[in-house]
Amino acid sequence: MAISPESMPENPIDFRAPPPSPIASGRRSSVTNDEVLTEFLEHSLRVPDLILPDKIFPRQKIVETPPRIDCQSLISGESDSVLRMLDSIARIGCFQLVNFGIPSEFIRLVSVTAAGIFQLPPEKKEAVSRSLERPYGFEEVHGDHQEAESEVSEEFVWCKDESLKLDMEGIWPTGYSNFSKKMETLSSDIEKVARKILQILHENCPRKSMYGNDMMQRQDLIGSVCCLYKHGRNFLADQWASSLGYDVMRMLIRGTDYSHALCLHVCDGSSEFHVYSKKGWVSFCPDKDALIVTVGDRTQVWSGGQYKHVFGWPIFKGEDKDSISMAFLYSPPSSNSSSSKTSKGKTVSLGQQAILAIILTLVCHFLVYFYKEV
């Protein structure tokens, strides 16, 4: 049945569309709106110029030569040597050590042997490069692979680790075994010297932190570490300044990677040695055949801040060949390492415990069955 117009409701529902949104007038085109938006984005997305604070790259350089301490006099307890050492590390965090009982000829021999590591092809170095899972190996410090080889500085982190030995013998089978033996001998001799110095510091520290023993005796995964550096030759003035800034940043990062009590630097032939700390930047010319001893973070903690943690870096200028330096990061072994090994021998493994539980369960079932039958 058709519906006539008269039968429809008098007030039908009004379905009117909403009014249109206002738009720019014809005189202000969309191009103008785009310009405003572009200007806003340029101002809001502009990346600010970042300048590193002076605490990381201090501008003030203080020329001060640390005292030259005779190791034998220091070990014998000579008061003058002890007081000079304590005063130096409290002020600038380092001192020079001579007559420490390691022949300089042997140190040079190790340096010459270490130079062979950096002569390996880049693809072999990449196979043993440092990572989060591998705390040792090669790491490029500064330079581009496309630059001349003499303009590249490199780093190799060595430790007494069997995995490192296997990896390096795989890429350098003819030379690494000889190098590793020499490094182990030199590292052991350096550790003996560092142990005696640390003992003297501990005996003469009037204030010790309540967390000192825990910090000093914290167990390391790979033990003492040696960072070997190849310093490139023939740097221009601007390249040297850029390389120095990069090396300082790398040095700060490396200091956080490897917590240590003392660092003993072997840098014979360096023209300068720079010491960086929160107080400033100290530069001096090291004595020939001297070990540069710098204070680590662990020593600063247990001394209650009396001995300041610093970072040291040797500078080689005007050299016509690559130079090698070594930094031995020493930390005392954990005092409970031997007891942990003893307790480890008496520990029953989970597998043995499971087998014992199964055997006891079977014995119980057998006894229950036997008594029921009886």
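Asparagine 99 lies in the loop between strand S3 (94-98) and helix H4 (104-115). Helices (H or I, at least four residues) and strands (E, at least two) are DSSP runs, numbered from the N terminus. The model is predicted: local features need pLDDT of at least 70, side-chain atom pairs count only at pLDDT 80 or more, and totals for chains, interfaces and linings use all residues. Residues are numbered from 1 along each chain as its sequence is written, and side-chain values use heavy atoms, without hydrogens and water.

Most residues other than glycine have a negative phi. Asparagine 99 is not a glycine, yet its phi is positive, about 55 degrees. Asparagine 99 counts as partly exposed because its relative accessibility is 43%; buried means under 20% relative accessible area, exposed over 50%, and partly exposed in between (1.4 Å probe, protein chains only). Aspartate 289 also has a positive phi, of about 65 degrees. Aspartate 289 sits in the loop between strand S9 (281-284) and strand S10 (291-295). Its relative accessible area is 30%, so aspartate 289 is partly exposed.

The largest nonpolar core has 54 residues. Such a core is a set of buried Ala, Val, Leu, Ile, Met, Phe, Trp, Tyr and Cys residues joined through side-chain atoms within 4.5 Å. Leu97, Met168, Ile197, Leu201, Leu228 and Met326 have the most contacts inside the largest core. Helix H7 (residues 176-203) gives this core its largest share, eleven residues. A second, separate core has twelve residues, among them Val225, Tyr229, Tyr258 and Trp281.

Leucine 228 touches residues including Ala114, Phe118, Trp158, Phe179, Met183 and Met326, not counting residues up to four places away in sequence. Contact means heavy atoms within 4.5 Å.
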